[in-house]
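This report covers strand pairing, nonpolar cores, aromatic contacts and backbone angles. The sequence and the model come before the text.

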Amino acid sequence: MDVEIYNLFHAEGLILLNTNKIPMYIIKSSLFGMLFLSLNYLQGFSQIKPQKAYYTNSDYLDFRNNAIFNEVIDFENIDYARIDAVIFFLTNEIRVQNHLQSLEYAPQLENSAMMHAQDMVREDFFSHIDPNHKEKKTPNDRAALCQVSNPFLAENIIEGYGLQYKSYETVYLQGKGKFSKTPGGELLKPHTYLSFGEALISGWMNSKDHKKNILAREALQLGCGVAYYIDPEFNDMPSFKAVQNFQWYQLIVTTNQ
């Protein structure tokens, strides 16, 4: 008998546009948090390959001193695995600061997180529930496709900006994908890998229910994934959709074990 428990938390976003001669945007990010647990599983596989080297060469204690994480993101040549690793390390850093055990890296969860982030971008939706693929419908379904035979997943998702821009800030358009804080002023700069990860984590930690997932004592393992897109509704703002997948209660048993 299948048992599914839903606990969906949801804060709507808001976009305001004014009608002045100089275009101006005030943006509030959309944030969703969800806890999804299930006793059923589905065997499958993923063709997305995570980069394990980042997790062997750094950890939450020293990643800030690693120069590669302080490099500026090149939107023409994004190292997605590096962003995934930064989110992972920042999550563990916060957990340890809150007297919680650090989480084990799980490549299967990185695969499921990347899969969902890419699907949300490619198919233009933002939800924990995939509306287009029955086999990927829930976080547990997606984990099962990535060789997790015992998925007990909690999931956070968020939309973030690739430029150093904060929600609610007023910005002025300087051409497609270009913004400044003052008319004709200096252009907003791209994030570094580290500063982008910090912006995402800050968004989650400022939401009660996302924070609850990050600081859950039940969590044991974590994998993170992001996907890039240009937002045509916000003057081609470089943007990302990001996903955290947490395994609760018991360590992952893979389908090939």
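## Strand pairing and packing

I230 stands opposite P238 in β10. The model is predicted: local features need pLDDT of at least 70, side-chain atom pairs count only at pLDDT 80 or more, and totals for chains, interfaces and linings use all residues. Residues are numbered from 1 along each chain as its sequence is written, and side-chain values use heavy atoms, with hydrogens and water left out.

Helices (H or I, at least four residues) and strands (E, at least two) are DSSP runs, numbered from the N terminus. Two strands pair if DSSP finds at least two bridges between them. β9 and β10 are antiparallel and share 12 bridges. They form a hairpin with 5 residues between them, and N235 in the turn has a positive phi of about 55°. β10 also pairs with β6, again antiparallel, through 9 bridges; there A242 in β10 is the bridge partner of I158.

Burial uses relative accessible area: buried is under 20%, exposed over 50%, and partly exposed in between (1.4 Å probe, protein chains only). In β10, 12 of 12 residues are buried. Both faces of the strand are covered, with M237, S239, K241, V243, N245 and Q247 on one side and P238, F240, A242, Q244, F246 and W248 on the other.

A nonpolar core is a set of buried Ala, Val, Leu, Ile, Met, Phe, Trp, Tyr and Cys residues joined through side-chain atoms within 4.5 Å. The largest such core has 50 residues, and those with the most contacts inside it are I83, I87, F179, W204, F240 and F246. At least two residues each come from α1 (53-57), α2 (80-97), β6 (153-161), β7 (171-173), α5 (193-205), β9 (219-231) and β10 (237-248). α2 gives the largest share, 9 residues.

Contact means heavy atoms within 4.5 Å. Leaving out residues up to four places away in sequence, I83 touches I73, I78, Y193, F196, V226 and F240. A second, separate core has 8 residues, including A113, A117, F126 and I157.

α5 is mostly covered, with 10 of its 13 residues buried. The buried residues of α5 are Y193, L194, S195, F196, G197, L200, I201, G203, W204 and M205. The expected span of a helix is 1.5 Å times one less than its number of residues. For the 13 residues of α5 this should give 18 Å, and the end C-alpha atoms are 18 Å apart, which agrees.

## Aromatic pairs and charges over rings

A pair of aromatic rings is described by the distance of the centres and the angle of the planes. Rings of Phe, Tyr and Trp (its six-membered ring) pair if their centres lie within 6.5 Å; planes under 30 degrees apart count as stacked, over 60 as edge-to-face and the rest as tilted. By this rule the count is 18 aromatic pairs. Two of them are tabulated.

| Pair | Centre distance | Plane angle | Class |
|---|---|---|---|
| Y55 and F88 | 5.3 Å | 85° | edge-to-face |
| F88 and Y105 | 5.9 Å | 85° | edge-to-face |

Y55 lies in helix α1 and F88 in helix α2, so their pair ties together parts that are 33 residues apart in sequence. One aromatic cluster is formed by Y54, Y55, F63, F69, F88, F89 and Y105.

A charge sits over a ring if NZ of Lys or CZ of Arg is within 6 Å of the ring centre and within 35 degrees of the ring normal. R82 lies over the face of Y193, at 4.3 Å from the ring centre. K241 lies over the face of Y229, at 5.5 Å from the ring centre.

## Positive phi values

Most residues other than glycine have a negative phi. H99, not a glycine, has a positive phi of about 65°. This residue, H99, lies in the loop between α2 and β5 and counts as exposed at 72% relative accessibility. Y249 also has a positive phi, near 75°. Y249 lies in the segment after β10 and is partly exposed, with a relative accessible area of 47%.
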